[in-house]
Amino acid sequence: MTMSPEDSAEGPAAPEPQRPAPPRAGAAPGAGTGNGGATPESVARQRVDEGGLNLKPSGRMHAPASADAAGQAEAPIQNPVFSCRDVSVFYGAKQALRNVTLDVARRQVLSMIGPSGCGKSTFLRCLNRMNDTIPGARVTGSIKLDGRDIYDERQDAAQLRARIGMVFQKPNPFPKSIYDNVAYGPRIHGLARSRAHLDDIVCTSLTRAGLWDEVKDRLSSPGTGLSGGQQQRLCIARAIAVQPEVILMDEPCSALDPVATARIEDLIDELRESYAIVVVTHSMQQAARVSQRTAYFHLGDLIEVGDTDRVFTNPRHRLTEDYITGRFG
Ligand SMILES: Nc1ncnc2c1ncn2[C@@H]1O[C@H](COP(=O)(O)OP(=O)(O)OP(=O)(O)O)[C@@H](O)[C@H]1O
Ligand SMILES: [Mg+2]
């Protein structure tokens, strides 16, 4: 039987964890570096209830698979929004992801970390079928959203994407006004009953994205004229305007300065009251600050997933330990 990381990390009675293959020579150069980005300010903002980041070698990576640092089993995800089983992705003949089994909880942030090229974006794109748009890409396994297979041939990909907001690394506002950027999704999905209702959706979305006060007097100005951080918040407003169930974010802060990053992180924390959020990040400090669960990927394998505190303070696999302590690569 092949154990999945989900099983090994969270199964109530999981046997020995699957041992991943050792890193291939020359793979992922520089991994484990560049994960900082922590400023005194950002460290100070680290939430106290997270227990801090212990990036020292813990020496505890061989803890039993079914127990956390305190010897308690981690609870499986109840009623997950996404349930992914044995998901593999191929680009032509090349396999980019291998048998990923992972649940995404509601009203929680899941961060995905790992060295460049390990498959984080590939997995994120599986969740809204964006890999469909890549010639030669093939996805196998099962991904269920609210219990329904999103790769079922009866599932319309456009309708699916309306339920799953996506925010990219580089802010990508449409070449339209601020108002029209946010109104775009509600318009094409027919969500607004009237112009007043559309105005209300735009105002609410911009407010929730923390941008309303900065743009309320210039709603007809181009979205592309905003600062990078404002553009990213505009993209978040655009994503939430269609009332998605899940928001996917692929390195949403990597093009932003620390102040803009802090605003987006605060926003992620607020939005998780309403949405499930999956965020790819190269910053372990960011993963520790914003997420409740963390998944570590390595060369196409999901190595482990579990409570963020546990993954950072008591990683179960040497590969995770090496990565978070900066020894990998
Ligand atoms: N469109 C594509 N065609 C062919 N191979 C691809 C394509 N997209 C990604 N890959 C390959 O799949 C693997 C995983 O890539 P992916 O972009 O998912 O990694 P990542 O973890 O997001 O990396 P990074 O941190 O650099 O963004 C890599 O080997 C990459 O070269
Ligand atoms: Mg990526």
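The expected span of a helix is taken as 1.5 Å times one less than its number of residues. The model is predicted.

Select residues 228–240, which form helix H8. Its 13 residues reach 19 Å from the first C-alpha to the last, close to the 18 Å expected.

Is H8 mostly covered or mostly uncovered? Colour the helix by burial: H8 is mostly covered, with 12 of its 13 residues buried. Among them are Gly-229, Arg-233, Leu-234, Cys-235, Ile-236 and Ile-240.

Next, display what surrounds the helix. The buried residues of H8 pack against strand S6 (164–167) and strand S7 (246–250). They also pack against four helices, which may be selected in turn: H5 (178–188), H6 (195–208), H7 (212–215) and H9 (258–271).

Which order do its strands follow? The 6 strands form an open sheet in the order S6-S7-S8-S3-S9-S10, with mixed pairing. At the edges lie S6 and strand S10 (301–307), each of which pairs on one side only. Neighbouring strands of this sheet are turned by 15 degrees against each other on average, direction ignored.

Zoom in on S6 and S7, which run parallel and are joined by 4 bridges. Here Gly-165 stands opposite Ile-247 in S7.

Finally, select residues 120–127, helix H3, which packs on the sheet. H3 touches S6 and S7, as well as strand S3 (109–113), strand S8 (276–280) and strand S9 (293–298). The direction of H3 makes about 155 degrees with that of S8.

Notes
Residues numbered from 1 in each chain as written. Chains lettered and ligands numbered in written order. Predicted model: local features only at pLDDT ≥ 70, side-chain atom pairs only at ≥ 80, totals over all residues. Helix = DSSP H or I, 4+ residues; strand = E, 2+ residues; numbered from the N terminus. Buried ≥ 20, exposed ≤ 12 C-beta atoms within 10 Å, placed from the backbone. Contact = placed C-beta atoms within 7 Å. Pairing = 2+ DSSP bridges. Axes fitted to C-alpha atoms, helices over the stretch in contact; angles between N-to-C directions.
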